[in-house]
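Please examine the sequence and the structure shown here.

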Amino acid sequence: MNEIKITAYKCKKCGHIHYPKHERCLKCKGREFEELKPEGNVKLLAYTQQFNLPWGFDERFLIIGIAQFENGIKALGQIKAESLEGIKTGMVLKPSWEPVRYVYGEPVYGLKFEPL
Amino acid sequence: MRDVAIIGVGMIPFGRRDEDTLVDMLAYASMHALDDAGLGDKGVDAVYVANMGGGILQHQTAVASALVDRLSLLPAAADTVENGPASGASAVKNGVLAVASGYYDTVLVAGGEKMREVTGWKATDFVATLTHPEVEYPYGVTLPGMAGIFTRLYMEKYGLTREMLVAVAIKNQAMGALNPYAHVEMLITQEGILDSPHSVVNNPAMADPLHLYDACPVSDGAAALILCPLEMAQELTKNVPILVAGFGQATDTHTLQEREDPTDLKAVTLAAQQAFKRANLKPSDIDVAELHDAFTILEIAESEHVGFFKKGEGGKAVLAGKTKLGGQIPINVSGGLKARGHPVGGTGVAQLVDLTWQLRHELPKERQVKNAKTGLSVNFGGFGNNVLCFILKRGGK
């Protein structure tokens, strides 16, 4: 499996986890962060099946979700499913790092989540 | 600080306007506002133009410089204001601050967008450029997608139903059918878009659980207004002056994923609280509201977050008729973004133009809130990450 190439930032002062990056902590305004890599599976927090896609996507729809890794990092990604059947808030999904779109034929990599 | 009044307003019908350029539309709306204020052959000190996408959609930047020249308002100061879908209210805010500070006496604020000359794919992509460029945009998430995520969470937390969302769409399209400026003038029924077997075809899923009729149309359009110090209003215009009694603006995290509770629209709450404090009013004092219903869910959620209803009660209030004309707090009597349309840079200005007509008691009785004295608008930028709230008051202090 490809490494999941996202980096989150844990505030050294209060422990709040940020993804994406901030110059100051959203909670305590602290400026020092420890880099954090995602760990384990994810829990699905929210999702939708989107039919009106933007320019650059040839799919009929995308299922988009926000999920939380076991070490607390929250991130948005595409869910690998043919429909919403069986997709539920709170379910556990397996994350992977795969092409999420193609720009002029070149893949753009990002997070995908797959039902276990 | 000086009190600031709206003394003239103008709008052009929203919709598909293939024959007009972006600057044409801004110019027509501005001329209506100048004429309405009685400043037709006079100048103004400054011009603020709200536009989100001229650089992307028309390959045209510096729109304010183009407009001030087109209107022969030279050498007035001119600035373009871009703040996503909240550009309109942001431009008005800049105009209000300029007049309140004493730096300028007369200010034209115009807002507009030309979105129909590109395909739906491109228009959707254009609006999605306001999402986070690294952790949201590459995934193909759109504003309807964010609204779908938000709606499902709202349903799970508050028991919101599709029937409640549909009720907003029916109400606002009914009002739009009475508004000659509205993009959508078509009546819809619950049977046609929810109950009957044909509803699957009539009203397909857009971003589950939202469907086609939960969304505003993609529109061309423009609106404009004229500001001056309240103390000068009587000498400049015959119109009833409309006081900008207060405004507020607040921001929230760029991404939805970083919000502790994504169903909590903190920026709406804070912007409204600031506006109410400045105006020395409370939610129950408001007679009419124009809320940013780019999606039906937003009218319901905003009606709760500004304080008209408790959290979780907004949907029930729509079903009970509390938000229709003649109800407890009439919302989007113009048809809202849902029916008037949503030319993104123009919306925040158009909301205040509609409220001004309401507070001047100039609308036909089927759209006029009887004896309206106070009005509130919410212009919702991003997905709630930059929000402005205005409160207007009829006839000065």
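## An enclosed helix

In this predicted model, helix α6(B) is largely enclosed by the rest of the structure, because 12 of its 16 residues are buried. A residue counts as buried if 20 or more other C-beta atoms lie within 10 Å of its own. The buried residues of α6(B) are B:L143, B:P144, B:G145, B:M146, B:A147, B:G148, B:I149, B:F150, B:T151, B:R152, B:L153 and B:Y154. Their packing partners belong to both chains: β4 (42-50) and β5 (62-69) of chain A, and α5, β5, β6 (210-211) and α12 (296-305) of chain B.

Just after α6(B), residue B:G159 takes a positive phi of about 75°.

## The contact between the chains

Chain B contributes 32 residues to the contact, and chain A contributes 29 residues. On the side of chain B that touches chain A, the elements giving two or more residues are α5 (120-128), α6 (143-158) and β5 (205-207) of chain B. Of these, α6(B) gives the most, with seven residues. By class, the residues on this side of chain B comprise 14 nonpolar, 10 polar and eight charged.

## Chain A

Chain A contains eight strands and zero helices; along the sequence, its pattern reads β-β-β-β-β-β-β-β. Its C-alpha atoms fill a box of roughly 45 × 35 × 30 Å, taken along the principal axes.

Of the 116 residues of chain A, 36% count as buried. Among the contacts in chain A with a separation of 6 or more, 48% are between residues 24 or more positions apart.

In soluble globular proteins, nonpolar side chains tend to be buried together. The largest nonpolar core here has 177 residues, of which B:L67 and B:V349 touch the most other members. Helix α1 (residues 22-37) of chain B gives the most to this core, with 10 residues. Leaving aside neighbours within four places in sequence, the contacts of B:V349 include B:A50, B:G88, B:A91, B:V92, B:V109 and B:A223.

Two packed helices are described by the angle between their axes and the distance between the axes. Helix α4 (residues 87-100) and helix α15 (residues 347-359), both of chain B, pack at an angle of about 70°, with their axes 5 Å apart. Angles of 65 to 115 degrees count as roughly perpendicular, and α4(B) and α15(B) are therefore roughly perpendicular to each other. In this contact, B:S87, B:G88, B:A89, B:A91 and B:V92 of α4(B) meet B:T347, B:G348, B:V349, B:A350 and B:L352 of α15(B). Six of the residues in the contact of α4(B) with α15(B) are nonpolar, four are polar and none is charged.

## A buried leucine

Residue B:L337 lies in helix α14 (residues 336-340) of chain B. Is B:L337 buried or exposed? B:L337 is buried, because 33 other C-beta atoms lie within 10 Å.

Not counting residues up to four places away in sequence, B:L337 touches B:C216, B:H292, B:D293, B:A294, B:H342 and B:T347. The C-alpha atoms of B:L337 and B:H361 are separated by 21 Å, and these two residues are 24 residues apart along the chain.

Methods:
Residues are numbered from 1 along each chain as its sequence is written. Chains are lettered from A and ligands numbered from 1 in the order in which they are written. This is a predicted model: local features need pLDDT of at least 70, side-chain atom pairs count only at pLDDT 80 or more; totals for chains, interfaces and linings use all residues. Helices (H or I, at least four residues) and strands (E, at least two) are DSSP runs, numbered from the N terminus. Two residues are in contact if their C-beta atoms, placed from the backbone, lie within 7 Å. Ala, Val, Leu, Ile, Met, Phe, Trp, Tyr, Cys and Pro count as nonpolar, Asp, Glu, Lys and Arg as charged, and the others, Gly among them, as polar. A nonpolar core is a set of buried Ala, Val, Leu, Ile, Met, Phe, Trp, Tyr and Cys residues joined through C-beta atoms within 7 Å. Axes are lines fitted to C-alpha atoms, for helices over the stretch in contact, and angles run from 0 to 180 degrees between N-to-C directions. Angles under 35 degrees count as roughly parallel, over 145 as roughly antiparallel, 65 to 115 as roughly perpendicular and the rest as oblique.
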